[in-house]
Amino acid sequence: MARPRHRLQFEFSADVYERLATMKDKAGAVSFAELVRDALRVYEWLLDQEKEGYDLALVKDGKLVKAVKLLP
C-alpha cells in the first residue's frame, strides 16, 4: 500500500536558491526533494542527540575547535 504523500511549495530568493543548488551538487542529490529529505534526517538526528544531553562539537585532529548549540 502506498504511503500518503504531501506536496509542499517553497519560495526562495535567488541567493538561497543558488545555495540550495550548490548543496545539491555537493551532496550528489538527484533532486531538491532528496536534498531536503536528507537535510531533515540529519537535523532531526542532531536535535535528538542534543535533547538526550549530548554536547555537539567540531573536533579536528583530536582537538575541540568549537562547541555547537542548535537550540536557543
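This is a predicted model: local features need pLDDT of at least 70, side-chain atom pairs count only at pLDDT 80 or more; totals for chains, interfaces and linings use all residues.
View 1. Helix α2 contributes the largest share of the lining of the largest pocket, namely six residues, and the pocket holds about 800 Å³ of space. Of the 17 residues that line the largest pocket, those closest to its centre are His6, Leu8, Ala33, Val36 and Arg37, while the elements that give two or more residues to this lining are α1 and α2. By class, the lining of the largest pocket divides into 10 nonpolar, two polar and five charged residues.

**View 2. The second largest pocket and its lining.** About 200 Å³ of space lies in the second largest pocket, and its lining includes Phe10, Phe12, Met23 and Leu35. Here α1 gives the most, with four residues, and the lining comprises eight nonpolar, no polar and one charged residues.

View 3. Just after α1, Gly28 takes a positive phi of about 70°.

**View 4. Glu34 in helix α2.** Glu34, which lies in helix α2 (residues 32–51), counts as partly exposed because its relative accessibility is 24%. The C-alpha atoms of Glu34 and Gln9 are separated by 14 Å, and the two residues are 25 residues apart along the chain.

Key. Residues are numbered from 1 along each chain as its sequence is written. Side-chain values use heavy atoms; hydrogens and water are left out. Buried means under 20% relative accessible area, exposed over 50%, partly exposed in between (1.4 Å probe, protein chains only). On a 1 Å grid over the protein atoms alone, a cavity is a set of points where a 1.4 Å probe fits but cannot get out, and a pocket is an open set with protein on both sides within 12 Å along at least five of seven lines; lining residues have an atom within 4 Å of a point. Grid points are joined across faces, edges and corners, and a volume is the space filled by probe spheres set on the points. Ala, Val, Leu, Ile, Met, Phe, Trp, Tyr, Cys and Pro count as nonpolar, Asp, Glu, Lys and Arg as charged, and the others, Gly among them, as polar.
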